[in-house]
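Me: I would like to go through this structure term by term and ask what stands behind each word. Could you set each value against its definition for me?

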Amino acid sequence: MKQIVIACGAGLATSSMVLDKVESVLKQNGIRGRLIQCTLGQVDGYDGTVDLIITTMKVRKKYQTPCITGSAFLTGIGEEEVAQQIVETLKA
Amino acid sequence: MEFFETVSGAVQYFVDLGSYIFVPILMCVIGLLFGLKPGRAIKAGATVGIGLVGVSLVATLTADSLGPVINRMVEVLNLNLTAIDVGGSPAAAVGFSSLIGAALIVIIILVNIALVALKLTNTVNVDVYNFWYFAITGGIVQLVTGNFWLGVLAGVTHAVLGLKIADIMAHRTQEIIGIPAISIPHGFAAASAPIFLVLDKVYDLIPFFAHKPIEDDDEELEESKGLSHYVSLIFGERIYLGLILGLFFGVVAGYDFKGVADVTIKTAALLELFPMVVKMLVGGLIPISNQAKSFFTKHFPDRQLSIGLDSAVTIGHPVTISVGFLMVPIFMFVAAVLPGNITLPLGEVPFAAFYVCFATIIHRANRRRTICSSLIFIPIVLWISSWAAPFFTQLADAAGMTLVAEGQLATTMAFGDLFILIPTLLAQVPYVGALLLVALMAVAIALGKLLERFYAKEDERFEETIGTESK
């Protein structure tokens, strides 16, 4: 079971949209995962203890856990590349 | 005549069923209209309804538990803060709990399609959840004028102003935030832009605010561990902030240990539970938003359109984060001393960064400019949200959500929004209200074209001399 944190500014609207897409990416690739939705400020608390962090915005802070920008799921541009990146990170 | 009476009677019966009954039905119909399969449309509608039920359940918590203690605290401190900031999430629920809110979802998407087709905008606003801002503008106008269609027009005006700001600042937003092909037509963030755009021009004249290029070896931009780390750990977590505020309310009100403990946990509960139940509402709107997005990409394949997103995507910028934290205590202090303010900051306090995010973009991450603009912006936010308080309290009551105790008003700092205030004032002008709203939209579209060109040139010059950002 992979643990994935999905964060946005308020932990509400945009992270819900990304969560919706990530859920289907996991399902298509047969990955079992637990998705945790939170605010950007709460990410620190999960850093180092989860398998992947996906943010809806570009974040400059360095995390120990691999971090992917999921904004492509909001704009619809480059969705496939990001989906592939997620799958590769989780399967590595 | 008889026909109209029958129709309006039927509409009245439908609305009187209660928001958590008629809104899900409407959302389901809207879903079908946008091409969702029946199963998904029913689920989307029901999810929105469940969110609304959740909000009205949590609302009793504020009304019954927090209302009295806040009354007492304000009395002890001799403050004039009679309007509680309940936060943006219950305001969203109130916005969508009306006929006008549901109507605006369809109408604004149609207007957006028309404007794109006529090449009057390049932004497609698919952030349907944040349409609640437009619904509130429409709701307030309907309330004060008694005219449903004037309310719709005011809501559309708010949305169009947002699209134009998004267009003007699209390039700079993409550069500073680092996401291609986006813009921010968000009902609040975009409305904060005009003030920041004017201030930016003033700062250009003052040497203290001059832009300086960022050197590669600048260490201070990196997150420094230490004090700021702990500040962000506490302020970044809604639960901690809720506990601290609740403790403060209870102690100041002079409650005994049991009373203080009760208020402490319930304030934290309030800050955490509202967003949690509103998440359902968001979930129900996602399918509609996805359908709209695919419509635009399918029908305008050769246009370079910007996808309009929630300002939440801009919150990751380090300047926005640090200035946002700085504003948390300042919001509290200014609210206490500002003449004419009746808003008690509470529900929106954890989201202070949202009040700063567009300043960061417009000022190109120049920290001095962003701080100064935020300080100037705070009183404006508080005044406008105080003005909106009596209207919002009535809208919430009409939606069956009692958010505050008897004699108190409900508001939220998220109403500190010029694009709610200005259309409402214009709509109230007798006879020509509708005309003035249309004129405002026309001016915004015409001026928008000019400003787009102006800022494109300015950005080009800036990127040649200083770079994307300054410090």
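**Values against definitions**

Me: Happy with that. Where do these numbers come from, and how are things numbered?
Reply: This is a predicted model, in which local features need pLDDT of at least 70 and side-chain atom pairs count only at pLDDT 80 or more, while totals for chains, interfaces and linings use all residues. Residues are numbered from 1 along each chain as its sequence is written, and chains are lettered from A and ligands numbered from 1 in the order in which they are written.

Me: How do you know what confidence the predictor has in chain B and chain A?
Reply: From pLDDT, the predictor's confidence in each residue, from 0 to 100. Chain B averages 91, with 97% of its residues scoring at least 70; chain A averages 90, with 100% at that level. The model itself scores ipTM 0.80 and pTM 0.91.

Me: Why is helix 4 of chain B called mostly covered?
Reply: Because nine of its nine residues, 88-96, are buried, and a residue is buried if 20 or more other C-beta atoms lie within 10 Å of its own (exposed if 12 or fewer, partly exposed in between; C-beta atoms are placed from the backbone). B:Gly88, B:Pro90 and B:Phe96 are among them. A helix here is a DSSP run of H or I with at least four residues, a strand a run of E with at least two, and both are numbered from the N terminus. The buried residues of helix 4 pack against several helices of chain B, including helix 3 (38-76) and helix 15 (367-398). Over the 471 residues of chain B, 52% count as buried.

Me: What makes a set of residues a nonpolar core?
Reply: Its members are buried Ala, Val, Leu, Ile, Met, Phe, Trp, Tyr and Cys residues joined through C-beta atoms within 7 Å. The largest one has 177 residues, and B:Val278, B:Leu281 and B:Ala410 touch the most other members. Helix 12 of chain B gives the most to this core, 16 residues.

Me: What does B:Ala410 touch?
Reply: Two residues are in contact if their C-beta atoms, placed from the backbone, lie within 7 Å. Not counting residues up to four places away in sequence, B:Ala410 touches residues including B:Ile84, B:Phe392 and B:Leu403.

Me: How many residues does each chain bring to the contact?
Reply: Chain B brings 33 residues and chain A 27 residues. On the side of chain B, the largest share, eight residues, comes from helix 12.

Me: What makes chain A as compact as a globular protein of its length?
Reply: Its radius of gyration is 12 Å, close to the 12 Å that the globule rule gives for 92 residues, so chain A is as compact as a globular protein of that length. Chain A has four helices and four strands, in the order β-α-β-α-β-β-α-α from the N terminus. Buried residues make up 43% of chain A.

Conventions: The radius of gyration is taken over C-alpha atoms; the globule rule is 2.2 Å times the number of residues to the power 0.38.
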